[in-house]
Amino acid sequence: QVQLVESGGGLVQPGGSLRLSCRGSGSIFRINAMGWYRQAPGKQRELVAHITSGGSTNYADSVKGRFTISRDNAENTVYLQMNSLKPEDTAVYYCNAAILTFNKYEYAYWGQGTQVTVSS
């Protein structure tokens with residue numbers, strides 16, 4: 001069994017910052033690509049940021065220059081540092097990871113989601 005557990009969401013004022021974390025546990029041989037997605041009410045889930053196993057990153061245009069994705073391979077953890085938050089960043093944020101398990105098959109896993117609300 002593999003689990004991704006997110007933390008760090010909450011309520012923040014516009015212009016504020018939050019740091020999301022997502023840690024993988026269980027039968028993990030290696031975590032390949034990891035990413036953060038978000039889904040606002042009435043909207044489709046969208047990619048926010050993505051990081052490869054080698055550390056290459058890409059971002060949605062709406063968050064470039066404000067959000068930073070990083071990872072700690074030793075801890076099976078991916079982070080999302082969110083600065084200069086705007087009300088339109090309000091959404092449930094989901095962690096996603098491509099995980100190679102000990103049976104040498106790769107599967108995509110999702111976290112349970114963490115709510116981020118940007119409001120004054």
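Reader: Glu75 to start with. Does it count as buried, exposed or partly exposed, and at what relative accessibility?
Author: This is a predicted model. Glu75 has 33% relative accessibility, so it counts as partly exposed, being between the 20% and 50% cut-offs.

Reader: Which residue does Glu75 form a salt bridge with?
Author: Arg23, with the closest N and O atoms 3.0 Å apart. The two are 52 residues apart in the chain: Glu75 is in the loop between strand 7 and strand 8, Arg23 in strand 3. Arg23 is partly exposed too, at 47%.

Reader: How many salt bridges in the whole structure?
Author: The search finds 5. Arg38, Glu46, Arg66 and Asp89 are linked in a network of them.

Reader: What are the distances from Arg38 to Glu46 and to Asp89?
Author: For Glu46 the closest N and O atoms are 2.7 Å apart, and for Asp89 they are 3.0 Å apart. Asp89 sits in the loop between strand 8 and strand 9, and Arg38 in strand 4, 51 residues apart.

Reader: Buried or exposed, those two?
Author: Both Asp89 and Arg38 are buried, Arg38 with a relative accessible area of 6%. Glu46 is partly exposed at 36%.

Reader: Now the core. How many residues in the largest nonpolar one?
Author: It has 29, and those with the most contacts inside it include Trp36, Phe67 and Leu80. Strand 9 gives the largest share, 5 residues.

Reader: What does Leu80 touch?
Author: Leaving out residues up to four places away in sequence, its contacts include Leu18, Leu20, Trp36, Val48, Phe67, Ile69 and Tyr93.

Conventions
Residues numbered from 1 in each chain as written. Predicted model: local features only at pLDDT ≥ 70, side-chain atom pairs only at ≥ 80, totals over all residues. Heavy atoms only, no water. Core = buried A, V, L, I, M, F, W, Y, C linked by side-chain atoms within 4.5 Å. Buried < 20%, exposed > 50% of the residue type's maximum accessible area, 1.4 Å probe, protein only. Helix = DSSP H or I, 4+ residues; strand = E, 2+ residues; numbered from the N terminus. Contact = heavy atoms within 4.5 Å. Salt bridge = Lys/Arg side-chain N within 4 Å of Asp/Glu carboxyl O.
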